[in-house]
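Hi there,

Here is the structure I promised to pass on. Have a look at it first, and then read my notes below.

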Amino acid sequence: MVTRSDILWLGLAAGVGGSLVGGMMLGVGMGLVSAGAHVGWLLVLPGGPAGGAIGYGLARRLAARLPAEPSR
């Protein structure tokens with residue numbers, strides 16, 4: 001069974017991990033774009049969704065631990 005602390009851990013891990021990955025992608029990409037390298041847009045544009053994907057993956061792993069609903 002999923003406890004309250006599991007949900008708290010999910011939020012904390014998703015927030016920190018997503019911020020680190022998304023922030024790094026945005027920071028490095030904007031640094032490249034401001035230096036004139038257009039390849040930086042390949043890091044800037046998926047920066048937000050990549051950060052959210054970490055939370056999504058963690059939530060799916062937590063949801064897999066829920067007991068299966070009985071079929072009716």
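Let's start with a word you'll need: a residue is called buried when its relative accessible area is under 20%, exposed when it is over 50%, and partly exposed in between, using a 1.4 Å probe and protein chains only. Helices (H or I, at least four residues) and strands (E, at least two) are DSSP runs numbered from the N terminus.

Two housekeeping notes. This is a predicted model, where local features need pLDDT of at least 70 and side-chain atom pairs count only at pLDDT 80 or more, while totals for chains, interfaces and linings use all residues. Residues are numbered from 1 along each chain as its sequence is written, and side-chain values use heavy atoms, leaving out hydrogens and water.

**The overall picture**

The protein has three helices and zero strands, so its radius of gyration is worth a look: at 17 Å, that value is well over the 11 Å the globule rule gives for 72 residues, so the protein is more spread out than a compact globule. (That radius is taken over C-alpha atoms, and the rule is 2.2 Å times the number of residues to the power 0.38.) The C-alpha trace spans about 60 × 25 × 10 Å along its principal axes. Of the 72 residues, 22% count as buried.

**Helix H1**

H1 covers residues 4-34. Its 31 residues should span 45 Å at 1.5 Å a residue, and its end C-alpha atoms are 44 Å apart, which agrees. The expected span is 1.5 Å times one less than the number of residues.

Which residues of H1 are buried? They are Asp6, Leu10, Ala13, Ala14, Gly17, Gly18, Gly22, Met25 and Gly29. Their cover includes helix H2 (41-44) and H3.

Trp9 also sits in H1, but this one counts as exposed, at 55% relative accessibility. Together with Leu12, Val16, Leu20 and Val21, Trp9 makes a nonpolar surface patch of about 510 Å². Patches are made of residues with over 30% relative accessible area and no salt bridge; like charges are joined within 9 Å, and nonpolar side chains (Val, Leu, Ile, Met, Phe, Trp, Tyr) within 5 Å. The areas come from the Shrake-Rupley method with a 1.4 Å probe, and for residues only the protein chains shown count as cover.

The C-alpha atoms of Met30 and Val44 are 14 residues apart along the chain and separated by 6.5 Å.

**The salt bridge**

How many salt bridges does a search of the whole structure find? It finds one. Arg65 pairs with Asp6, with the closest N and O atoms 3.0 Å apart. Arg65 lies in the segment after helix H3 (47-63) and Asp6 in H1, so the pair ties together parts that are 59 residues apart in sequence. A salt bridge here is a side-chain nitrogen of Lys or Arg within 4 Å of a carboxyl oxygen of Asp or Glu. Arg65 itself is partly exposed, at 48%.

**After H1**

H1 is followed by Gly36, whose phi is positive, near 100 degrees. Further on, Gly40 is in the loop between H1 and H2 and counts as buried, at 0% relative accessibility. Leaving aside residues up to four places away in sequence, Gly40 touches Gly29, Leu32 and Val33, where a contact means heavy atoms within 4.5 Å.

Happy browsing!
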